[in-house]
Amino acid sequence: MNNQLKMVQTSVHAYKLGNEPKDYEYWLTQPPIKRIEAVEILRQQFISEDESKQGFQRVCRIVELSQS
């Protein structure tokens, strides 16, 4: 059996308010496979937090217009 270890590097940067980089700029610098992996992680988190709810909530509202 082949054991694979993955090294995780963490870095912290401090920015002045208003000068922080935009999230989309960061993700544009990442390779497509990393972007897809991030979306999959978010999808799995959403599914595990919301297992009790299935499907979409349906809302119907009837609005009567007054004739003027």
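At 33% relative accessibility, tryptophan 27 counts as partly exposed. The value comes from a predicted model. Tyrosine 26 falls in the partly exposed class as well, at 39% relative accessibility.

The aromatic count comes to one pair. Tyrosine 26 and tryptophan 27 form this pair. A pair of aromatic rings is described by the distance of the centres and the angle of the planes.

The chain holds two helices and zero strands. Glutamine 30 sits in the loop between α1 (23-28) and α2 (32-49). Its relative accessible area is 13%. This value is under 20%, so glutamine 30 counts as buried. The side chain of glutamine 30 also makes a polar contact of 3.2 Å with the side chain of lysine 34. Across the chain, 3% of the 68 residues count as buried. The accessible surface of the chain amounts to about 8000 Å². Carbon and sulfur atoms account for 55% of that surface.

The largest pocket has a volume of about 230 Å³. Its lining consists of Lys6, Met7, Val8, Gln9, Thr10, Tyr26, Lys34 and Glu37. By class, the lining of this pocket comprises three nonpolar, two polar and three charged residues.

Note on methods
Residues are numbered from 1 along each chain as its sequence is written. This is a predicted model: local features need pLDDT of at least 70, side-chain atom pairs count only at pLDDT 80 or more; totals for chains, interfaces and linings use all residues. Side-chain values use heavy atoms; hydrogens and water are left out. Rings of Phe, Tyr and Trp (its six-membered ring) pair if their centres lie within 6.5 Å; planes under 30 degrees apart count as stacked, over 60 as edge-to-face and the rest as tilted. Buried means under 20% relative accessible area, exposed over 50%, partly exposed in between (1.4 Å probe, protein chains only). Helices (H or I, at least four residues) and strands (E, at least two) are DSSP runs, numbered from the N terminus. A polar contact is a pair of N or O atoms within 3.5 Å; within protein, one must be able to donate a hydrogen and the other to accept it, and residues adjacent in sequence count only if both atoms are side-chain atoms. On a 1 Å grid over the protein atoms alone, a cavity is a set of points where a 1.4 Å probe fits but cannot get out, and a pocket is an open set with protein on both sides within 12 Å along at least five of seven lines; lining residues have an atom within 4 Å of a point. Grid points are joined across faces, edges and corners, and a volume is the space filled by probe spheres set on the points. Ala, Val, Leu, Ile, Met, Phe, Trp, Tyr, Cys and Pro count as nonpolar, Asp, Glu, Lys and Arg as charged, and the others, Gly among them, as polar. Accessible areas come from the Shrake-Rupley method with a 1.4 Å probe; for residues, only the protein chains shown count as cover.
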